[in-house]
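Subject: Structure handover

Hello,

Here is the structure I promised you. Please open it first, then read my notes below.

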Amino acid sequence: MQPPALLSRPAVRVLCTAAILAPFSPLGALAADLSLSVADGPAADATLYVALYSDAAGYADSKSVAAQTVPMQAGKARLVFAGLAPGRYALRAFADENGNGKLDTNLMGMPTERYGFSNDAKGNRAAPDFEAAAIRVDADLQTIIHLR
Amino acid sequence: MERRELLRLLASAGALPLLAPLARAAGTDDWQAQYEASGAPWKIGFATPPDDMPLTRATVRGRFPDAVAGTLFRIGPAGHDLGGERYHHWFDGDGMVHRLAIEGTDVRHQGRYVATPKRVAEVKAGRRLFEAFGTMPPGVEPPTSADSINVANTSVLPMQGEVLALWEGGSATRIDARTLETLGLKTWRADLAGMPFSAHPKVDSDGTVWNFGVSSGQGLLALYEISSEGTLRRAAVVPVADMPMVHDFAVTERHLVFLMPPLVYDGKRKEAGASFLDAHVWRPELGMRVLVVDKQNWERRQLLTLPAGFLFHVGNAWEEVTPRGTLIHVDYVRSDNADSVFTSSREVMRGRRVKSTEPYLTVATLNLSTGQATQTALAQDAEFPRIDPRRVGLRHRHVVHATQIRRDLPGFGAIARTDVETGRSQRFSYGAQAIVEEHVFVPDGSKPGWVLGTALDFGRQKTVLSCLAADHLGAGPVAQATLPYALPLGLHGAFVPA
């Protein structure tokens with residue numbers, strides 16, 4: 001049987017590049033905070049990379065509107081994207097276990113470190129699209145991603 | 001992935017029962033009821049052992065020769081139903097690994113389910129959570145990785161005191177050879193984690209282990225070279241157009257040989273919800289492509305074509321340089337099409353016998369110099385071909401194989417040893433109440449050697465282990481051990497001398 005193409009190589013690259021872009025916080029009267037819990041990371045300490053996207057085009061092109069890295073301990077981490085303009089957002093996350101700053105993949109391009117998407121969205125043998133991962137942020141919101 | 005990874009997967013499985021209502025809503029089918037209602041006397045071969053099987057002594061008739069003192073490890077699909085749902089294909093079931101410890105007149109059996117992340121999660125949930133080779137249980141979600149649906153049910157590779165339980169779509173699973181405890185997934189190198197590792201590795205005469213893996217969705221063929229000590233020497237992936245189902249391969253002194261039946265993966269069918277099996281399309285216009293890869297330089301590849309046909313298993317291949325060119329001789333078990341995997345191997349799961357295209361031992365000759373490929377079918381219906389392990393990749397004469405297809409019974413009734421150069425064959429029939437499983441050849445120095453294997457005696461509802469003289473199969477077993485119970489019909493095994 002074949003491994004489902006969870007993340008094509010471009011998708012992996014996308015996630016990696018997104019993670020190093022500088023955080024961006026639009027200011028405005030209607031700004032909301034998105035609080036994210038991430039669970040089911042590796043048992044050993046790792047660094048969690050999270051990228052935030054505000055539309056399908058940016059998601060597809062890996063143009064994140066914000067990105068953060070935080071320490072992950074005992075498979076858990078928390079972080080906040082503060083001051084977001086109301087709208088729909090999608091998140092991609094991965095746990096960097098070996099500290100090389102990227103989501104490692106095997107020779108066939110399948111991730112070998114744990115990753116996840118907002119809504120705990122799963123693609124059908126590929127990364128889920130923006131619609132599947134999108135969450136509405138109109139006011140302060142808490143959400144969770146279970147890595148897999 | 002190592003033990004840590006498995007433990008983590010097991011821990012995360014706790015969240016899955018939340019999805020239960022989704023699956024329940026989709027309803028169940030009646031295959032389990034049909035299986036239970038079936039009056040087929042052989043259906044015990046497809047029953048699900050309710051639990052692991054503790055070490056149990058068999059009744060032994062005769063004495064097993066010193067050359068077969070050791071352990072016969074076997075594996076096969078065993079967890080066929082769960083929560084009242086029955087799989088629709090023989091190849092779907094969760095693997096159970098067996099060890100048959102043999103010493104003279106003492107034979108003991110132990111069986112243990114491989115504790116794959118899939119099985120652990122599903123048993124905990126009390127129902128199926130993941131898709132299988134030939135079944136899409138209701139309400140399952142797309143797998144998160146190949147190893148999330150790995151059933152470790154196809155073959156075993158003893159290595160360095162462990163036994164690797166092999167599937168073909170994902171990693172090998174490490175098993176403690178003494179306790180059969182599941183130790184975790186085998187990762188040959190960090191960047192090979194989760195890669196497909198086929199169930200038919202070939203061990204060269206110098207101990208080198210060669211294997212491959214197919215990623216149908218990506219059209220990639222992985223190649224592996226592993227030292228006899230179990231360390232990876234090389235791995236790479238090469239692209240293959242119109243990726244077919246490839247279950248087995250052969251090695252020669254200088255080449256890797258892949259017979260590629262025109263049963264081709266169609267990703268669109270998979271996306272539309274088909275099982276992995278049903279995502280494959282029969283495309284006879286492609287013929288049987290034969291990919292020959294230079295062992296030393298995997299970039300040197302040659303494609304030849306045989307007439308369209310289907311196979312699971314290859315016996316052996318060897319090569320010679322002749323005035324007509326470099327020839328590779330390869331014998332395999334060929335059928336005209338792939339119907340049996342879609343019909344016969346499914347219907348047994350509800351206790352029905354449906355006859356299909358029959359497989360015959362076939363010898364092909366590949367001329368690497370001219371690119372011509374020809375083949376001859378022998379008059380032997382066959383499956384589970386095995387050869388003298390000392391002759392892998394070298395000129396061999398004999399193939400041990402199951403034979404004797406019956407109209408009203410699944411599987412085979414006899415074990416045979418056929419000379420692939422002359423076609424001469426001898427056999428031992430286990431009778432009208434038995435289904436033969438794979439038998440292996442066990443060498444005995446310069447003597448003719450032994451044939452060792454199991455059969456399901458469904459008349460007595462017991463599994464028997466027999467040892468036959470390789471040069472006198474017709475004389476019947478020189479020793480036979482009878483277990484006090486029947487094992488589910490399995491797939492492949494390997495013998496490890498004491």
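Start with a pair of strands in chain B. Strand β31 (residues 447-457) and β32(B) pair in the antiparallel sense, over eight bridges. Strands here are DSSP runs of E with at least two residues, helices are runs of H or I with at least four, and both are numbered from the N terminus. Two strands pair if DSSP finds at least two bridges between them. As background, strands of a sheet pair through backbone hydrogen bonds, either parallel or antiparallel.

Before going on, two notes on the source. This is a predicted model: local features need pLDDT of at least 70, side-chain atom pairs count only at pLDDT 80 or more, and totals for chains, interfaces and linings use all residues. Residues are numbered from 1 along each chain as its sequence is written, while chains are lettered from A and ligands numbered from 1 in the order in which they are written.

Back to β31(B) and β32(B). They form a hairpin, with four residues between them. In the turn, B:Q461 has a positive phi of about 60 degrees. B:D457 stands opposite B:K462 in β32(B).

β32(B) has another partner. Four bridges join β32(B) to strand β33 (residues 479-482) of chain B, and the two run antiparallel. Here B:C467 stands opposite B:A479 in β33(B).

Is β32(B) enclosed or open? Six of the eight residues of β32 (residues 462-469) are buried, so the strand is largely enclosed by the rest of the structure. A residue is buried if 20 or more other C-beta atoms lie within 10 Å of its own, exposed if 12 or fewer, and partly exposed in between; C-beta atoms are placed from the backbone.

Now the whole of chain B. It has seven helices and 34 strands. Its radius of gyration is 21 Å, close to the 23 Å that the globule rule gives for 498 residues, so chain B is as compact as a globular protein of that length. That radius is taken over C-alpha atoms, and the rule is 2.2 Å times the number of residues to the power 0.38. The C-alpha atoms fill a box of roughly 70 × 50 × 45 Å, taken along the principal axes. Buried residues make up 52% of the 498 residues. Among contacts between residues at least 6 apart in sequence, 59% join residues at least 24 apart. Contact means that the C-beta atoms, placed from the backbone, lie within 7 Å.

- B:L306 is found in strand β21 (residues 301-306). It counts as buried, with 22 C-beta neighbours inside 10 Å. Leaving aside neighbours within four places in sequence, its contacts include B:G287, B:A364 and B:Q375.
- B:Q160 lies in the loop between β8 (155-159) and β9 (162-166). Its phi is near 55 degrees, a positive value in a residue other than glycine. With 11 C-beta neighbours inside 10 Å, B:Q160 counts as exposed.
- B:Q404 lies in strand β27 (residues 398-405). Its phi is also positive, near 75 degrees. With 19 C-beta neighbours inside 10 Å, B:Q404 counts as partly exposed.

Last, chain A. An open sheet of three strands has the order β4-β1-β8, with mixed pairing. Its edge strands are β4 (77-84) and β8 (141-146), and each pairs on one side only. Strand β1 (residues 32-39) and β4(A) pair in the antiparallel sense over six bridges. The bridge partner of A:S35 in β4(A) is A:V80.

Best wishes

Conventions: Contact = placed C-beta atoms within 7 Å.
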